[in-house]
Amino acid sequence: MGTDMHVQQERPQPGPEIWIRGPVALPQEPPPSPTAFTPRRFSWVGVHGGAGVTTLSSVYGGHDCGRDWPDPADPPSVLLVARTHAAGLTAVLNALEVFRRGEAPYGLDLDAVVLVADAPGRLPRPLAEHVKVIESVIDVYRVPWVPAWRLGELSGQPPKEAEALARLTARAR
């Protein structure tokens with residue numbers, strides 16, 4: 001056994017030289033795909049009455065489904081919407097269970113949950129704990145209390161605290 005095995009690698013042989021005379025056109029970049037600049041479209045679905053679906057679709061774009069599932073012609077990407085009160089958070093958990101069990105209409109893609117503040121200020125601890133449970137299952141986007149929206153003033157920029165949602169929906173500040 002003490003023999004050393006030595007493997008010699010061959011040097012690659014150069015290929016034939018090719019000379020081109022005259023001007024050479026630079027390769028053109030392929031045109032961008034039609035979806036490259038098209039923001040993803042969403043269907044906003046409220047899991048309870050008064051969740052804020054109409055306001056969110058007005059501010060961020062997308063299809064307002066109210067409390068119904070999207071129709072086949074609507075965008076299949078779903079954003080579930082709820083207020084941050086106890087009933088709203090419970091309704092979100094129930095809707096997530098519908099998706100988990102495969103009982104949502106075929107072809108829908110649950111992208112995230114959007115929680116809209118039900119009042120100004122911080123959430124009480126029990127509600128914050130419910131939010132943590134939801135966040136452990138799916139992406140959650142939070143929308144703060146916006147007094148102007150309460151007055152029907154929806155033409156301004158989305159709130160700074162909801163920048164992540166603005167990026168998701170391609171509604172830049």
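Predicted model: local features only at pLDDT ≥ 70, side-chain atom pairs only at ≥ 80, totals over all residues.
Residues are numbered from 1 along each chain as its sequence is written. Local features need pLDDT of at least 70 and side-chain atom pairs 80 or more, while totals for chains, interfaces and linings use all residues, and side-chain values use heavy atoms, without hydrogens and water.

Trainee: How many aromatic pairs does the structure hold?

Mentor: Rings of Phe, Tyr and Trp (its six-membered ring) pair if their centres lie within 6.5 Å. By that rule, the structure's number of aromatic pairs is 2.

Trainee: Are the planes of Trp44 and Tyr60 stacked, edge-to-face or tilted?

Mentor: Planes under 30 degrees apart count as stacked, over 60 as edge-to-face and the rest as tilted. The ring centres of Trp44 and Tyr60 are 6.3 Å apart, and with 40 degrees between the planes the pair is tilted.

Trainee: Which kind of pair do Trp69 and Phe99 form?

Mentor: Phe99 lies in helix H2 (residues 86–100); helices are DSSP runs of H or I with at least four residues, and strands are runs of E with at least two, numbered from the N terminus. The ring centres of Trp69 and Phe99 are 5.4 Å apart and their planes stand at 80 degrees, so the pair is edge-to-face.

Trainee: Is Phe99 buried, partly exposed or exposed?

Mentor: Buried means under 20% relative accessible area, exposed over 50%, and partly exposed in between (1.4 Å probe, protein chains only). Phe99 has 18% relative accessibility, so Phe99 counts as buried.

Trainee: Within what arc do the buried residues of H2 fall?

Mentor: The buried residues of H2 include Leu89, Val92 and Phe99. The arc uses directions from the helix axis to the C-beta atoms. The buried residues line one face of H2, because they fall within an arc of 165 degrees.
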